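Here are a few exercises to work through with the model open beside you. Try each one before you read its solution.

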Amino acid sequence: MDTIYALSSGQPPAAIGVLRISGDGAGPALDALAGKRPGPRHASLRVLRDAQGDALDEALLLWFPGPNTATGEDLAELHLHGGRAVVAAVEKALAALPGMRKAEPGEFTRRAFANGRIDLAEAEGLADLLAAETELQRRSALEMASGNLSRRISGWLERLLSLSASLEAVLDFDDEDDVKGIDPSFLIKIRSLSNEFEKYLSAPHAEVLRDGYRVVLAGPPNAGKSTLFNALVESEAAITSETAGTTRDVLVRPVALGGVPFSFIDTAGIRDDEVDEVEAIGIARARAELQNADLVLWLGPEASGPDGAWEIEARIDRDDRLTKQAPRHRVSATTGAGLDGLRRDLVEAAMGMMPKPGEAALNARQRALLGDAVAALDSADGEGDPLLLAEHLRLARIAFDRLTGRAATEDMLDALFGRFCIGK
(Lines give C-alpha, C1' and ligand atoms only; values in the text may rest on other atoms or scores of the structure.)
Protein backbone atom coordinates (compact mmCIF):
# COMPACT_ATOMS: atom_id res chain seq x y z
CA MET A 1 0.00 0.00 0.00
CA ASP A 2 1.26 3.50 -0.83
CA THR A 3 2.48 5.82 1.87
CA ILE A 4 0.42 9.01 1.82
CA TYR A 5 1.19 12.57 2.83
CA ALA A 6 -0.79 15.81 3.00
CA LEU A 7 -0.92 19.18 4.68
CA SER A 8 -3.16 18.74 7.73
CA SER A 9 -3.14 22.33 8.94
CA GLY A 10 -4.72 25.35 7.27
CA GLN A 11 -3.68 26.46 3.83
CA PRO A 12 -0.52 28.62 3.73
CA PRO A 13 0.61 31.19 4.46
CA ALA A 14 0.45 30.42 8.17
CA ALA A 15 2.76 30.42 11.15
CA ILE A 16 3.07 26.64 11.03
CA GLY A 17 2.27 24.07 8.37
CA VAL A 18 1.80 20.48 9.58
CA LEU A 19 2.48 17.74 7.03
CA ARG A 20 1.28 14.26 7.97
CA ILE A 21 2.76 11.07 6.54
CA SER A 22 1.11 7.68 7.04
CA GLY A 23 2.21 4.24 5.90
CA ASP A 24 5.22 1.93 5.88
CA GLY A 25 7.30 4.63 4.22
CA ALA A 26 6.78 7.23 6.96
CA GLY A 27 9.92 6.27 8.89
CA PRO A 28 12.17 6.03 5.80
CA ALA A 29 10.82 9.42 4.68
CA LEU A 30 12.04 10.98 7.93
CA ASP A 31 15.38 9.27 7.48
CA ALA A 32 15.67 10.60 3.93
CA LEU A 33 14.73 14.21 4.77
CA ALA A 34 16.27 14.58 8.25
CA GLY A 35 19.14 12.06 8.19
CA LYS A 36 17.61 10.09 11.04
CA ARG A 37 14.15 9.80 12.53
CA PRO A 38 13.69 11.02 16.12
CA GLY A 39 12.76 8.71 18.98
CA PRO A 40 9.14 7.55 19.14
CA ARG A 41 6.76 10.27 20.36
CA HIS A 42 9.53 12.77 21.04
CA ALA A 43 9.69 16.11 19.23
CA SER A 44 13.00 16.88 17.59
CA LEU A 45 14.16 20.00 15.73
CA ARG A 46 15.92 19.05 12.49
CA VAL A 47 17.02 20.57 9.19
CA LEU A 48 15.18 18.96 6.27
CA ARG A 49 17.09 18.39 3.05
CA ASP A 50 16.11 17.18 -0.42
CA ALA A 51 17.84 14.41 -2.39
CA GLN A 52 20.52 16.87 -3.56
CA GLY A 53 21.32 17.88 0.01
CA ASP A 54 19.83 21.36 -0.26
CA ALA A 55 18.18 22.68 2.91
CA LEU A 56 14.39 22.91 2.71
CA ASP A 57 13.43 24.09 6.20
CA GLU A 58 14.21 23.75 9.89
CA ALA A 59 11.25 21.82 11.25
CA LEU A 60 9.95 20.05 14.34
CA LEU A 61 9.61 16.29 13.67
CA LEU A 62 7.43 13.72 15.40
CA TRP A 63 7.60 9.97 14.82
CA PHE A 64 4.77 7.58 15.82
CA PRO A 65 5.40 3.88 15.09
CA GLY A 66 2.24 1.88 14.34
CA PRO A 67 -0.10 0.32 15.13
CA ASN A 68 -1.01 2.55 18.10
CA THR A 69 -1.43 5.69 16.01
CA ALA A 70 -4.34 7.70 14.66
CA THR A 71 -4.35 5.72 11.39
CA GLY A 72 -3.12 2.38 12.75
CA GLU A 73 -0.01 2.73 10.57
CA ASP A 74 3.44 4.24 11.02
CA LEU A 75 2.84 7.98 11.20
CA ALA A 76 5.06 11.06 11.03
CA GLU A 77 4.43 14.77 11.35
CA LEU A 78 6.57 17.60 9.99
CA HIS A 79 5.87 20.94 11.69
CA LEU A 80 7.16 23.36 9.08
CA HIS A 81 7.26 27.12 8.71
CA GLY A 82 3.93 27.73 7.04
CA GLY A 83 4.94 29.61 3.91
CA ARG A 84 3.67 28.42 0.53
CA ALA A 85 7.15 27.90 -0.90
CA VAL A 86 8.32 25.94 2.15
CA VAL A 87 5.33 23.58 2.09
CA ALA A 88 5.58 23.12 -1.68
CA ALA A 89 9.30 22.33 -1.51
CA VAL A 90 8.85 19.68 1.21
CA GLU A 91 5.90 18.13 -0.63
CA LYS A 92 8.03 17.96 -3.79
CA ALA A 93 10.80 16.19 -1.88
CA LEU A 94 8.30 13.70 -0.43
CA ALA A 95 6.77 13.02 -3.85
CA ALA A 96 10.21 12.09 -5.16
CA LEU A 97 10.57 9.26 -2.62
CA PRO A 98 9.52 5.74 -3.71
CA GLY A 99 5.99 4.64 -2.84
CA MET A 100 4.88 8.11 -1.74
CA ARG A 101 1.83 9.99 -3.01
CA LYS A 102 -0.44 12.81 -1.93
CA ALA A 103 -3.49 11.70 0.07
CA GLU A 104 -7.05 11.81 -1.24
CA PRO A 105 -9.76 13.63 0.76
CA GLY A 106 -10.48 11.74 3.97
CA GLU A 107 -7.86 9.07 3.29
CA PHE A 108 -6.16 9.33 6.69
CA THR A 109 -9.50 8.78 8.44
CA ARG A 110 -10.42 6.01 6.03
CA ARG A 111 -7.22 4.19 6.91
CA ALA A 112 -8.03 4.64 10.59
CA PHE A 113 -11.38 2.97 9.91
CA ALA A 114 -9.85 0.19 7.79
CA ASN A 115 -7.28 -0.54 10.51
CA GLY A 116 -9.87 -0.68 13.28
CA ARG A 117 -8.86 2.51 15.04
CA ILE A 118 -12.38 3.93 14.69
CA ASP A 119 -15.70 2.52 13.53
CA LEU A 120 -18.14 4.03 11.06
CA ALA A 121 -20.24 5.82 13.68
CA GLU A 122 -17.13 7.50 15.07
CA ALA A 123 -16.03 8.49 11.55
CA GLU A 124 -19.43 10.07 10.90
CA GLY A 125 -19.16 11.95 14.18
CA LEU A 126 -15.71 13.19 13.21
CA ALA A 127 -17.03 14.45 9.87
CA ASP A 128 -19.80 16.33 11.70
CA LEU A 129 -17.30 17.69 14.22
CA LEU A 130 -15.17 19.16 11.43
CA ALA A 131 -18.27 20.78 9.94
CA ALA A 132 -19.67 22.04 13.28
CA GLU A 133 -20.40 25.77 13.40
CA THR A 134 -22.38 26.06 16.63
CA GLU A 135 -21.84 24.87 20.19
CA LEU A 136 -24.74 22.42 19.96
CA GLN A 137 -23.33 20.90 16.78
CA ARG A 138 -19.89 20.59 18.37
CA ARG A 139 -21.21 18.86 21.49
CA SER A 140 -23.33 16.34 19.61
CA ALA A 141 -20.61 15.54 17.06
CA LEU A 142 -18.06 15.11 19.85
CA GLU A 143 -20.33 12.58 21.55
CA MET A 144 -20.39 10.54 18.34
CA ALA A 145 -16.70 10.99 17.49
CA SER A 146 -15.61 10.00 21.01
CA GLY A 147 -17.33 6.63 20.61
CA ASN A 148 -20.27 7.00 22.99
CA LEU A 149 -22.74 5.59 20.45
CA SER A 150 -20.29 2.87 19.49
CA ARG A 151 -19.95 1.80 23.13
CA ARG A 152 -23.72 1.70 23.48
CA ILE A 153 -23.95 -0.44 20.35
CA SER A 154 -21.25 -2.73 21.72
CA GLY A 155 -23.33 -3.23 24.85
CA TRP A 156 -26.42 -4.00 22.78
CA LEU A 157 -24.46 -6.48 20.71
CA GLU A 158 -23.22 -8.28 23.83
CA ARG A 159 -26.81 -8.73 24.96
CA LEU A 160 -27.86 -9.94 21.52
CA LEU A 161 -24.99 -12.42 21.45
CA SER A 162 -25.96 -13.67 24.91
CA LEU A 163 -29.52 -14.23 23.72
CA SER A 164 -28.24 -15.94 20.57
CA ALA A 165 -26.00 -18.21 22.65
CA SER A 166 -29.01 -19.27 24.72
CA LEU A 167 -30.84 -20.19 21.53
CA GLU A 168 -27.86 -22.08 20.14
CA ALA A 169 -27.83 -24.18 23.27
CA VAL A 170 -31.46 -25.09 22.66
CA LEU A 171 -30.84 -25.85 18.98
CA ASP A 172 -27.63 -27.87 19.50
CA PHE A 173 -28.54 -29.75 22.65
CA ASP A 174 -32.31 -29.95 22.66
CA ASP A 175 -32.06 -33.69 23.30
CA GLU A 176 -29.86 -33.26 26.37
CA ASP A 177 -31.33 -33.37 29.85
CA ASP A 178 -29.62 -30.20 31.07
CA VAL A 179 -31.13 -27.98 28.36
CA LYS A 180 -34.82 -27.52 28.99
CA GLY A 181 -35.91 -25.28 26.12
CA ILE A 182 -36.38 -21.54 25.87
CA ASP A 183 -36.44 -19.71 29.18
CA PRO A 184 -39.82 -17.97 29.74
CA SER A 185 -38.03 -14.67 30.32
CA PHE A 186 -36.32 -14.87 26.93
CA LEU A 187 -38.96 -12.92 25.00
CA ILE A 188 -39.18 -10.37 27.82
CA LYS A 189 -35.46 -9.67 27.33
CA ILE A 190 -36.01 -9.24 23.60
CA ARG A 191 -38.85 -6.76 24.21
CA SER A 192 -36.73 -4.85 26.70
CA LEU A 193 -33.92 -4.55 24.15
CA SER A 194 -36.32 -3.46 21.41
CA ASN A 195 -37.80 -0.80 23.69
CA GLU A 196 -34.32 0.64 24.29
CA PHE A 197 -33.76 0.85 20.54
CA GLU A 198 -37.10 2.59 20.00
CA LYS A 199 -36.36 5.11 22.73
CA TYR A 200 -33.11 5.98 20.99
CA LEU A 201 -34.94 6.26 17.66
CA SER A 202 -37.38 8.78 19.14
CA ALA A 203 -34.54 11.14 20.14
CA PRO A 204 -33.87 14.29 18.06
CA HIS A 205 -32.34 13.63 14.65
CA ALA A 206 -28.91 14.68 13.44
CA GLU A 207 -30.34 16.40 10.35
CA VAL A 208 -32.07 19.17 12.30
CA LEU A 209 -28.83 19.77 14.18
CA ARG A 210 -26.64 19.69 11.06
CA ASP A 211 -28.92 21.62 8.68
CA GLY A 212 -30.58 23.84 11.25
CA TYR A 213 -34.15 24.20 12.51
CA ARG A 214 -36.07 25.01 9.32
CA VAL A 215 -38.28 28.09 9.74
CA VAL A 216 -40.36 29.00 6.69
CA LEU A 217 -41.86 32.49 6.35
CA ALA A 218 -45.07 32.21 4.39
CA GLY A 219 -48.15 34.21 3.48
CA PRO A 220 -49.69 36.14 0.60
CA PRO A 221 -47.72 38.63 -1.53
CA ASN A 222 -46.65 41.90 0.08
CA ALA A 223 -47.22 40.62 3.64
CA GLY A 224 -43.78 41.62 4.91
CA LYS A 225 -42.15 38.20 4.68
CA SER A 226 -38.92 39.30 3.03
CA THR A 227 -38.48 42.28 5.36
CA LEU A 228 -38.92 40.05 8.39
CA PHE A 229 -36.62 37.45 6.82
CA ASN A 230 -33.88 40.07 6.42
CA ALA A 231 -34.31 41.16 10.02
CA LEU A 232 -34.05 37.60 11.35
CA VAL A 233 -30.93 36.74 9.32
CA GLU A 234 -29.55 40.25 9.90
CA SER A 235 -28.69 40.90 6.26
CA GLU A 236 -30.31 42.29 3.13
CA ALA A 237 -30.50 38.81 1.63
CA ALA A 238 -33.98 39.22 0.16
CA ILE A 239 -35.12 41.97 -2.19
CA THR A 240 -37.98 43.92 -0.66
CA SER A 241 -40.51 46.01 -2.54
CA GLU A 242 -44.07 47.27 -2.27
CA THR A 243 -44.75 45.46 -5.54
CA ALA A 244 -46.60 42.19 -4.99
CA GLY A 245 -44.79 39.10 -6.27
CA THR A 246 -41.26 40.49 -5.89
CA THR A 247 -40.04 37.23 -4.34
CA ARG A 248 -40.16 34.59 -7.06
CA ASP A 249 -38.02 31.81 -5.59
CA VAL A 250 -37.08 30.13 -2.33
CA LEU A 251 -34.28 31.88 -0.44
CA VAL A 252 -32.47 29.97 2.33
CA ARG A 253 -30.07 31.47 4.86
CA PRO A 254 -28.40 29.54 7.71
CA VAL A 255 -27.89 31.53 10.90
CA ALA A 256 -27.27 30.80 14.58
CA LEU A 257 -29.50 32.32 17.25
CA GLY A 258 -28.38 31.83 20.83
CA GLY A 259 -25.93 29.15 19.66
CA VAL A 260 -28.73 27.18 17.96
CA PRO A 261 -28.49 26.52 14.20
CA PHE A 262 -31.42 27.72 12.08
CA SER A 263 -32.27 27.73 8.40
CA PHE A 264 -34.65 30.59 7.58
CA ILE A 265 -36.53 30.24 4.30
CA ASP A 266 -38.18 33.14 2.50
CA THR A 267 -40.82 32.11 -0.01
CA ALA A 268 -42.90 33.55 -2.81
CA GLY A 269 -46.26 35.02 -1.82
CA ILE A 270 -48.97 32.38 -1.94
CA ARG A 271 -52.11 33.33 -3.87
CA ASP A 272 -54.70 31.51 -5.94
CA ASP A 273 -55.43 34.12 -8.61
CA GLU A 274 -53.85 33.97 -12.05
CA VAL A 275 -50.10 34.68 -12.14
CA ASP A 276 -47.37 34.43 -14.75
CA GLU A 277 -45.43 31.21 -15.27
CA VAL A 278 -42.36 32.22 -13.24
CA GLU A 279 -44.38 33.32 -10.21
CA ALA A 280 -46.45 30.12 -10.43
CA ILE A 281 -43.25 28.09 -10.13
CA GLY A 282 -42.25 30.17 -7.09
CA ILE A 283 -45.64 29.56 -5.45
CA ALA A 284 -45.35 25.80 -6.08
CA ARG A 285 -41.93 25.81 -4.44
CA ALA A 286 -43.28 27.81 -1.51
CA ARG A 287 -46.01 25.21 -0.94
CA ALA A 288 -43.39 22.45 -1.06
CA GLU A 289 -41.32 24.23 1.58
CA LEU A 290 -44.33 24.28 3.89
CA GLN A 291 -44.26 20.47 3.87
CA ASN A 292 -40.57 20.33 4.82
CA ALA A 293 -40.64 23.03 7.50
CA ASP A 294 -40.00 22.40 11.17
CA LEU A 295 -41.98 25.59 11.80
CA VAL A 296 -43.97 28.02 9.65
CA LEU A 297 -44.27 31.71 10.51
CA TRP A 298 -47.61 32.62 8.92
CA LEU A 299 -48.00 36.24 7.89
CA GLY A 300 -51.29 35.74 6.03
CA PRO A 301 -54.92 35.99 7.15
CA GLU A 302 -55.49 34.48 10.56
CA ALA A 303 -56.29 30.75 10.69
CA SER A 304 -55.63 30.29 6.97
CA GLY A 305 -52.07 28.97 7.33
CA PRO A 306 -50.84 25.39 7.75
CA ASP A 307 -51.62 23.43 10.90
CA GLY A 308 -49.21 24.25 13.68
CA ALA A 309 -48.02 27.50 12.09
CA TRP A 310 -47.29 30.47 14.31
CA GLU A 311 -49.56 33.41 13.62
CA ILE A 312 -47.42 36.50 13.12
CA GLU A 313 -48.86 40.01 12.88
CA ALA A 314 -46.17 41.82 10.92
CA ARG A 315 -45.50 45.47 10.10
CA ILE A 316 -47.15 46.74 13.30
CA ASP A 317 -45.61 50.15 12.64
CA ARG A 318 -47.99 50.58 9.67
CA ASP A 319 -51.65 51.50 9.73
CA ASP A 320 -52.42 49.36 6.65
CA ARG A 321 -51.12 46.14 8.23
CA LEU A 322 -53.08 42.89 8.34
CA THR A 323 -54.33 42.72 11.95
CA LYS A 324 -54.90 39.49 13.88
CA GLN A 325 -57.00 38.75 16.96
CA ALA A 326 -54.60 36.36 18.70
CA PRO A 327 -51.20 36.29 17.03
CA ARG A 328 -48.33 34.54 18.74
CA HIS A 329 -46.15 37.56 18.02
CA ARG A 330 -46.64 41.12 16.86
CA VAL A 331 -43.51 42.48 15.21
CA SER A 332 -42.08 45.26 13.12
CA ALA A 333 -38.99 44.38 11.12
CA THR A 334 -38.53 48.10 10.43
CA THR A 335 -38.46 49.37 14.03
CA GLY A 336 -37.41 46.08 15.65
CA ALA A 337 -40.47 45.96 17.91
CA GLY A 338 -41.22 42.41 19.05
CA LEU A 339 -38.23 40.84 17.30
CA ASP A 340 -36.33 39.95 20.47
CA GLY A 341 -39.36 38.10 21.83
CA LEU A 342 -39.79 36.25 18.53
CA ARG A 343 -36.13 35.23 18.52
CA ARG A 344 -36.31 33.93 22.10
CA ASP A 345 -39.42 31.93 21.27
CA LEU A 346 -37.76 30.48 18.18
CA VAL A 347 -34.69 29.42 20.15
CA GLU A 348 -36.85 27.74 22.80
CA ALA A 349 -38.87 25.86 20.13
CA ALA A 350 -35.72 24.77 18.31
CA MET A 351 -34.05 23.56 21.48
CA GLY A 352 -36.90 21.13 21.97
CA MET A 353 -35.94 19.40 18.74
CA MET A 354 -32.19 19.41 19.39
CA PRO A 355 -30.28 16.68 21.23
CA LYS A 356 -29.61 17.43 24.87
CA PRO A 357 -26.01 17.93 26.04
CA GLY A 358 -24.35 14.52 26.20
CA GLU A 359 -26.70 12.97 23.63
CA ALA A 360 -25.56 11.66 20.26
CA ALA A 361 -28.05 12.39 17.48
CA LEU A 362 -28.60 9.63 14.92
CA ASN A 363 -28.43 10.45 11.21
CA ALA A 364 -30.78 8.96 8.60
CA ARG A 365 -28.49 6.00 7.84
CA GLN A 366 -28.10 5.13 11.51
CA ARG A 367 -31.84 5.47 12.19
CA ALA A 368 -32.67 3.19 9.26
CA LEU A 369 -30.33 0.45 10.50
CA LEU A 370 -31.47 0.75 14.10
CA GLY A 371 -35.02 0.56 12.73
CA ASP A 372 -34.05 -2.69 10.97
CA ALA A 373 -32.88 -4.08 14.30
CA VAL A 374 -36.17 -3.08 15.93
CA ALA A 375 -38.15 -4.74 13.14
CA ALA A 376 -36.13 -7.94 13.55
CA LEU A 377 -36.73 -8.06 17.30
CA ASP A 378 -40.41 -7.17 16.92
CA SER A 379 -40.75 -10.10 14.50
CA ALA A 380 -39.24 -12.32 17.19
CA ASP A 381 -41.83 -11.22 19.76
CA GLY A 382 -44.17 -14.12 20.36
CA GLU A 383 -42.20 -16.51 18.15
CA GLY A 384 -41.86 -19.97 19.68
CA ASP A 385 -39.71 -21.67 17.06
CA PRO A 386 -36.03 -21.47 18.15
CA LEU A 387 -34.83 -21.56 14.54
CA LEU A 388 -36.91 -18.53 13.59
CA LEU A 389 -35.95 -16.73 16.77
CA ALA A 390 -32.27 -17.31 15.98
CA GLU A 391 -32.77 -15.90 12.48
CA HIS A 392 -34.43 -12.74 13.81
CA LEU A 393 -31.55 -12.18 16.23
CA ARG A 394 -29.07 -12.74 13.39
CA LEU A 395 -30.80 -10.04 11.32
CA ALA A 396 -30.59 -7.64 14.27
CA ARG A 397 -26.85 -8.32 14.59
CA ILE A 398 -26.37 -7.72 10.85
CA ALA A 399 -28.02 -4.31 11.21
CA PHE A 400 -25.52 -3.40 13.94
CA ASP A 401 -22.60 -4.66 11.87
CA ARG A 402 -23.68 -2.34 9.07
CA LEU A 403 -24.18 0.51 11.53
CA THR A 404 -20.62 0.30 12.85
CA GLY A 405 -19.14 -0.49 9.42
CA ARG A 406 -18.30 -4.15 9.89
CA ALA A 407 -20.46 -4.77 6.82
CA ALA A 408 -20.28 -1.53 4.81
CA THR A 409 -20.42 -1.01 1.04
CA GLU A 410 -17.64 0.77 -0.83
CA ASP A 411 -20.06 3.32 -2.31
CA MET A 412 -21.23 4.34 1.14
CA LEU A 413 -17.65 4.58 2.42
CA ASP A 414 -16.65 6.69 -0.60
CA ALA A 415 -19.51 9.10 0.10
CA LEU A 416 -18.65 9.40 3.79
CA PHE A 417 -14.90 9.88 3.55
CA GLY A 418 -15.30 12.18 0.57
CA ARG A 419 -16.78 14.70 3.05
CA PHE A 420 -13.38 15.11 4.69
CA CYS A 421 -10.70 17.54 3.58
CA ILE A 422 -7.35 16.45 2.22
CA GLY A 423 -5.05 15.81 5.17
CA LYS A 424 -7.75 14.40 7.48
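Buried means under 20% relative accessible area, exposed over 50%, and partly exposed in between (1.4 Å probe, protein chains only). This is a predicted model, where local features need pLDDT of at least 70, side-chain atom pairs count only at pLDDT 80 or more, and totals for chains, interfaces and linings use all residues. Residues are numbered from 1 along each chain as its sequence is written, and side-chain values use heavy atoms, with hydrogens and water left out.

**Exercise 1.** Work out how the rings of Trp 156 and Phe 197 are arranged.

Step 1: Rings of Phe, Tyr and Trp (its six-membered ring) pair if their centres lie within 6.5 Å; planes under 30 degrees apart count as stacked, over 60 as edge-to-face and the rest as tilted.

Step 2: The structure holds six aromatic pairs. In the one made by Trp 156 and Phe 197, the centres are 4.7 Å apart and the planes stand at 70°, so this pair is edge-to-face.

Step 3: Trp 156 sits in helix α6 (residues 148-172) and Phe 197 in helix α7 (residues 186-201), so the pair ties together parts 41 residues apart in sequence. Helices (H or I, at least four residues) and strands (E, at least two) are DSSP runs, numbered from the N terminus.

Step 4: check burial. Trp 156 and Phe 197 are both buried.

**Exercise 2.** Now do the pair of Trp 156 and Tyr 200, then name the cluster.

Step 1: with centres 5.7 Å apart and planes at 90°, Trp 156 and Tyr 200 are edge-to-face.

Step 2: Tyr 200 belongs to helix α7 and Trp 156 to helix α6, so this contact ties together parts 44 residues apart in sequence. Tyr 200 is buried, as is Trp 156.
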